Each structure stands twice: as C-alpha cells, then as structure tokens.
Amino acid sequence: MSQLEIKYSNKTSTIVAPYVSRKFVCQPGERLPNLKISDGSRLYDHIDRNSHHFWVVLSPDPTVPAITVDDAKIKRLKTIEVRLAADQCQPPKIPVTILKEPQAILVRPDLYVASIGRTVDAAWEEMGKL
C-alpha cells in the first residue's frame, strides 16, 4: 500500500470532518494531493511544512472573499490561494470540472485534509459539527 492510499477514517477520528460528495479534489481524512498549479509549479511548493493547520483555496472566485466570517480562529491560519492547471498528472485522476470548482481545504500539518467545502466558511462549519 502506498502512502497516497493511507487515510484517516472520519468514523473513528474526532479531528476529521465527515466524508463529502466526490465534488472535490480530495476528501477529509485523505492526504492533500500535490496538484499542478496553473503557473506550472506544484501545490506542495507553496506550502510551509513548519506551519500548523492552514487553508488551501483552489480556483477562488474573484468576486467573493476567501473568508467572510469574522472569526479570529479562521483568519489567523495561513491561506494559500491558487488556480489549478487543467492538465493534471496522475494519480489522482480528477475530472476537469472538479478542478475548476472553488474549493476550500483545511489541511493539517501532516498534509492530511481535516475538512473541505466550497468556501472557507463552509469547511469551518463542518469542523464545528464534530
């Protein structure tokens, strides 16, 4: 089994949000994929591995702020906003339509996904349900 196949079960973990529909690049409990960015770099190139939890906002909507909730817990986390390239290497195989959708991912220091949603606010709300 490769490291990409290892994941945390949200049924046994209190720090991983519930599984969401496959309309995202990854799921809570899975390792954040090292996706290709529109500028040719890789997502991991933009990550500071010495930081605590952080946000990755993919294909952000330029008309909507990444964070709208006035919550200091959300705002103090580092936020990385990037647009993904349409030509992704594999694995994982992700449909182009999903790559273009806005997504906010709360990532743990070990690069596993804690929560995911269409916006930071939605992903944070999922964590509040735990």
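## The pairing of β1 with β3

In this predicted model, strand β1 (residues 54-58) runs alongside strand β3 (residues 103-107), and the two pair in the antiparallel sense over five bridges. Strands here are DSSP runs of E with at least two residues, helices are runs of H or I with at least four residues, and both are numbered from the N terminus; two strands count as paired if DSSP finds at least two bridges between them. Within this pairing, Leu-58 has Gln-103 of β3 as its bridge partner.

## The whole sheet

The four strands form an open sheet with mixed pairing, and their order is β2-β1-β3-β4. Because β2 (78-82) and β4 (113-117) stand at the edges with a single partner strand each, one side of each is left without a neighbour in the sheet. From one strand to the next, the twist averages 20 degrees.

Strand β3 also pairs with β4 in the antiparallel sense, over four bridges, and Val-107 stands opposite Val-113 in β4. These two strands form a hairpin with five residues between them, and in its turn Leu-111 has a positive phi of about 70 degrees.

## Helices and burial

Buried means under 20% relative accessible area, computed with a 1.4 Å probe and with protein chains only, and buried residues make up 41% of the 130 residues in the protein.

## Confidence and conventions

The average pLDDT, the predictor's confidence in each residue from 0 to 100, is 80 for the protein, and 72% of the residues score at least 70. Among the elements, helix α1 (residues 72-75) has the lowest mean pLDDT (70), whereas β3 has the highest (93). Where pLDDT is low, the predicted coordinates should not be read in detail.

Residues are numbered from 1 along each chain as its sequence is written, and side-chain values use heavy atoms, with hydrogens and water left out. In this predicted model, local features need pLDDT of at least 70 and side-chain atom pairs count only at pLDDT 80 or more, while totals for chains, interfaces and linings use all residues.

How values were computed:
Axes are lines fitted to C-alpha atoms, for helices over the stretch in contact, and angles run from 0 to 180 degrees between N-to-C directions. Buried means under 20% relative accessible area, exposed over 50%, partly exposed in between (1.4 Å probe, protein chains only).
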